[in-house]
Amino acid sequence: MSEEGRLDLTSSSGPSVLEEAFSKLKRSIWVFHLNTGSCNGCDIEVLDVLTPYFDVERFGIKLVGSPRHADLILLTGPVTIKTINKVIKAIKAMPRPRLVLALGSCGVGGGIWFNTYATLGGYTKLEEILKEAGVEVDRVVYVPGCPVRPEAIIYGVAVLLGLLQPKSKHKRVVAIEG
């Protein structure tokens, strides 16, 4: 604990409190589903993951009703302007370490809505706004697809927790408008 009574997450001696908290998440992770304006295609796949067919509760993955109880946010949608304040508020309400799984083409880069007037264009633009607001997200994994497959969601959670290695690395490119 620091002098102000806040938890010091950046200890330089030994594993930090954040790393220690992250290592405890591997057995059980609680997720909060955050729709930021999606078409509900990915939302249906998220619900499919939680059904007895895929039975992710056997891996310790459990859906919770509040971001205050969540370790991971399943973010779907291109982040509409109308939802941006609520999205920031939900991510800010999560305890650290904050984990985000950006799902679907819209969640990753905005999909077909990436440069419309009503959306931000996916998590990459949201990440910039979160940094300006002082909200830190500790790990992010992008799971593309339209809609994203349930198997890919489970794989993304395993990669996020460090249980599996990612099959590919991403390289961010910037599209020139005009």
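Tutor: Let us begin with C106, whose sulfur has its closest cysteine sulfur in C146, 6.0 Å away, which is too far for a bond. A disulfide is a pair of cysteine sulfur atoms within 2.5 Å, and the structure holds zero of them. Please keep in mind that this is a predicted model, in which local features need pLDDT of at least 70 and side-chain atom pairs count only at pLDDT 80 or more, while totals for chains, interfaces and linings use all residues. Residues are numbered from 1 along each chain as its sequence is written, and side-chain values use heavy atoms, with hydrogens and water left out.

Student: Is C106 buried or exposed, and is C146 buried or exposed?

Tutor: Buried means under 20% relative accessible area, exposed means over 50%, and partly exposed lies in between, with a 1.4 Å probe and protein chains only. C106, at 16%, is buried, whereas C146, with 68% relative accessibility, counts as exposed. Across the chain, buried residues make up 40% of the 178 residues.

Student: How many helices and strands does the chain have?

Tutor: Helices (H or I, at least four residues) and strands (E, at least two) are DSSP runs, numbered from the N terminus. The chain has six helices and five strands, and along the sequence they follow the pattern α-β-α-β-β-α-β-α-α-β-α.

Student: In what order do the strands form the sheet?

Tutor: Two strands pair if DSSP finds at least two bridges between them. Here five strands make an open sheet with the order 2-1-3-4-5, and the pairing is parallel. Strand 2 (61–63) and strand 5 (139–143) stand at the edges with a single partner strand each, so one side of each has no neighbour in the sheet. From one strand to the next, the twist averages 25°, where axes are lines fitted to C-alpha atoms, for helices over the stretch in contact, and angles run from 0 to 180 degrees between N-to-C directions. As a detail to look up, strand 4 (residues 99–103) is joined to strand 5 by five bridges, and A102 stands opposite Y142 in strand 5.

Student: Which strands does helix 2 touch, and which does helix 5 touch?

Tutor: Contact means heavy atoms within 4.5 Å. Helix 2 (residues 41–49) packs on the sheet and touches strand 1, strand 3 and strand 4, with its direction at about 145° to that of strand 3. Helix 5 also packs on the sheet, where it touches strand 3, strand 4 and strand 5, and its direction makes about 165° with that of strand 5.

Student: Which residues of helix 3 are buried, and what covers them?

Tutor: A helix can be read by looking down its axis. In helix 3 (residues 84–93), the buried residues are I84, V87, I88, A90 and I91. They fall within an arc of 165° (taken from the directions from the helix axis to the C-beta atoms), so they line one face of helix 3. Their cover includes strand 1 (29–35), strand 3 (72–76) and helix 5 (123–132). The face of helix 3 turned away from this buried side carries the exposed residues N85, K86, K89 and K92.

Student: Where does R96 lie?

Tutor: R96 is in the loop between helix 3 and strand 4, and it is partly exposed, with a relative accessible area of 27%. R96 and D138 are 42 residues apart in sequence, yet their C-alpha atoms are 7.7 Å apart in space.
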